[in-house]
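This report covers the pairing of strands in the structure shown below. Please keep the sequence at hand while reading.

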Amino acid sequence: MASTTAAPRTGARVSVQKFGTFLSNMVMPNIGAFIAWGLITALFIENGWLNLGGEDHAWLSPGSWVAHIGGWGDYAGGGIVGPMITYLLPLLIAYTGGRMVYDNEPRGGVVGAIATMGVIAGTDVPMFMGAMIMGPVGGWSMKKIDAIWDGKIRPGFEMLVNNFSAGIWGGLLATFGFFAMSPVLDQIVKGGQKIIEFLSDHNILPFTSFIIEPAKVLFLNNAINHGILTPLGSADVQDHGKSIVFLLEANPAAGAGLLLAFAVFGKGMSKSSAPGAFIIHFFGGIHEIYFPYVLMKPKLIVAMIAGGFTQILINVIFDVGLRAPAAPGSVFAVYIQTNSSVKDYVGVTLSIVCGAAASFVVAAMMLRADKSEEAEDDLAGATAKMEALKGKSSSVASALVGGTAVATQQIRSIVFACDAGMGSSAMGASVLRKKIQDAGHPEVTVVNKSIANLVDDYDLVVTHQDLTDRAREKTPSAIHVSVDNFMGSPRYDEIVDMIDESRG
Amino acid sequence: MAEVLSAEAIVLGGSATTRDEAIDEAGRLLVAAGAVEESYVAAMHERETSVSTFMGNGLAIPHGTNEAKSAIRHTAITFVRYADPIDWKGQPAEFVVGIAGAGDDHLTVLQSLAMVFMEDDQIARLRAASSADDVLAILGDVQV
């Protein structure tokens with residue numbers, strides 16, 4: 001199935017995907033904080049759960065402890081809901097981003113967070129976008145500056161120089177951010193909000209599914225959700241207490257309908273694997289699992305758009321909103337973040353039911369009309385195609401077809417990982433490096449690392465079979481190869497073959 | 001600077017029958033070569049309990065932990081061949097190379113070892129070696 005190499009990837013899409021991965025790597029580790037904020041908001045704000053949705057049902061006094069923590073009534077402007085979204089969440093993103101670009105050094109994160117403080121204080125909208133810019137800029141620039149005097153500091157003065165350079169540079173960046181970046185970012189965020197307002201005021205929000213659904217199956221889902229929708233939605237929440245924007249991409253309705261259609265009207269492997277995929281998608285919130293089913297029969301994108309359009313339309317009609325991003329896009333996450341009013345719950349429920357029904361009906365008609373016998377390995381082929389599209393193999397998807405690592409993308413960087421990163425991985429890396437160079441691929445790098453220091457930017461990870469699971473956790477997007485013999489594993493030759501193939 | 005592998009540290013007919021004995025045997029040779037202090041042998045056992053040092057192709061490379069680096073006086077390796085392969089956590093170890101690498105020396109040592117033990121004909125030569133000099137002719141390139 002590795003021979004079904006998909007059409008060459010365009011450079012632009014790869015760059016966008018990389019950018020999307022970068023953005024989601026900044027956001028994803030902090031989803032726990034988003035959830036905490038969402039829960040606190042849901043419980044304690046004036047229209048929250050504890051106040052029975054507020055308005056007519058409100059029973060808590062403006063001086064109550066709920067008002068105190070929620071920041072309303074006598075405590076308007078206080079509480080912890082506002083400070084969390086204004087300071088905590090952007091600073092966490094900035095720290096994560098800064099640390100990421102500075103090779104996982106906390107120092108990069110610290111400077112990124114200091115720098116971001118300037119744009120947080122300089123604007124009156126939540127500065128997610130600012131954090132996604134200033135965080136990495138802070139970390140990256142600190143790295144460049146550190147490189148200037150790397151190794152030239154007199155022994156004993158390292159701590160002094162490091163702390164003061166970070167402090168001075170961070171302070172400069174914060175000042176620059178406050179005066180120079182804030183007005184720009186303010187305009188961009190407000191512009192984005194205007195677009196969303198325009199779309200919802202003119203009731204054309206459902207049409208965004210014509211863009212979102214095709215982009216999703218091309219693996220731009222993270223770029224769209226975390227790069228664009230999360231910042232816009234969070235700003236929207238600041239103004240309106242909830243946002244429909246969080247539901248545009250993350251609602252699992254359309255994908256659920258598609259997978260159900262496959263479970264009933266599909267053939268062969270796609271039929272038998274669809275129920276399992278449904279659970280992973282709908283309850284686990286891993287939307288990637290349904291992408292191969294669409295890629296297998298690209299015209300099914302019509303069903304996805306129908307589902308997406310319907311769910312957004314219903315959410316618009318009911319004026320539904322989430323308080324925080326639903327991540328991952330699981331039905332549980334959606335309900336937990338739903339604004340606590342009966343109307344919102346009814347709307348979300350109907351949007352899931354009707355969105356799924358719409359994509360189910362359209363997909364079912366297409367599948368039944370399609371008389372052609374589906375080859376057994378169509379899904380496997382589509383999975384390979386999807387991995388080529390994504391640019392990396394997807395462990396979720398390979399689990400789906402039960403196949404081994406399929407490499408249709410270019411393998412450029414290989415890491416050998418062991419417990420300490422000292423002995424066995426160094427040996428294995430030397431052996432593999434020699435084999436790959438002998439095979440005429442000098443551009444492929446082979447390095448060795450300890451598992452603890454792995455970061456998810458290698459194409460292929462080789463580990464001892466006992467350690468593969470741990471390595472997989474650290475580098476989910478890489479291809480994983482397990483060996484039990486570091487000197488002469490037959491897997492080395494398979495890796496060389498894989499590289500040969502990926503070079504076409 | 002002392003050589004990495006000396007003729008005295010080469011044993012063609014190892015006496016150990018278990019993995020622990022083989023580690024002791026390698027450790028004793030390292031101590032005898034003046035490369036490490038006694039405490040390093042304990043660290044070799046400790047290291048072995050975390051992840052097996054069996055590398056494949058009949059090679060095991062017992063060595064100490066990172067913390068035991070201070071017990072290393074100079075970089076050295078030992079070579080013991082066993083007529084009956086040692087049961088190394090279920091894998092057959094025919095060649096046991098004890099390693100003491102000062103600083104980052106172990107990386108270079110491991111790389112050159114890997115280059116030898118990845119070639120089947122080199123392994124066959126080691127298996128056929130009848131003297132320490134034969135072994136040195138093959139492994140003598142292991143330098144730091």
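## Strand pairing in chains A and B

Strand β1 (residues 413-418) of chain A and strand β3 (residues 460-464) of chain A run parallel and are joined by four bridges. Here strands (E, at least two residues) are DSSP runs, numbered from the N terminus, and two strands pair if DSSP finds at least two bridges between them. A:Ala417 has A:Thr463 in β3(A) as its bridge partner.

The model is predicted: local features need pLDDT of at least 70, side-chain atom pairs count only at pLDDT 80 or more, and totals for chains, interfaces and linings use all residues. Residues are numbered from 1 along each chain as its sequence is written, while chains are lettered from A and ligands numbered from 1 in the order in which they are written.

In chain A, four strands in the order β2-β1-β3-β4 make up an open sheet with parallel pairing. Its edge strands, β2 (445-450) and β4 (479-483) of chain A, each pair on one side only. From one strand to the next, the twist averages 25°, with axes being lines fitted to C-alpha atoms and angles running from 0 to 180 degrees between N-to-C directions.

In chain B, strand β6 (residues 91-96) is joined to β3 (residues 59-60) and to β5 (residues 79-88).

| Strands | Bridges | Direction |
|---|---|---|
| β3(B) and β6(B) | two bridges | parallel |
| β5(B) and β6(B) | five bridges | antiparallel |

B:Val96 in β6(B) stands opposite B:Ala60 and also opposite B:Val80. The hairpin of β5(B) and β6(B) has two residues between the strands, and B:Lys89 takes a positive phi near 50° there.
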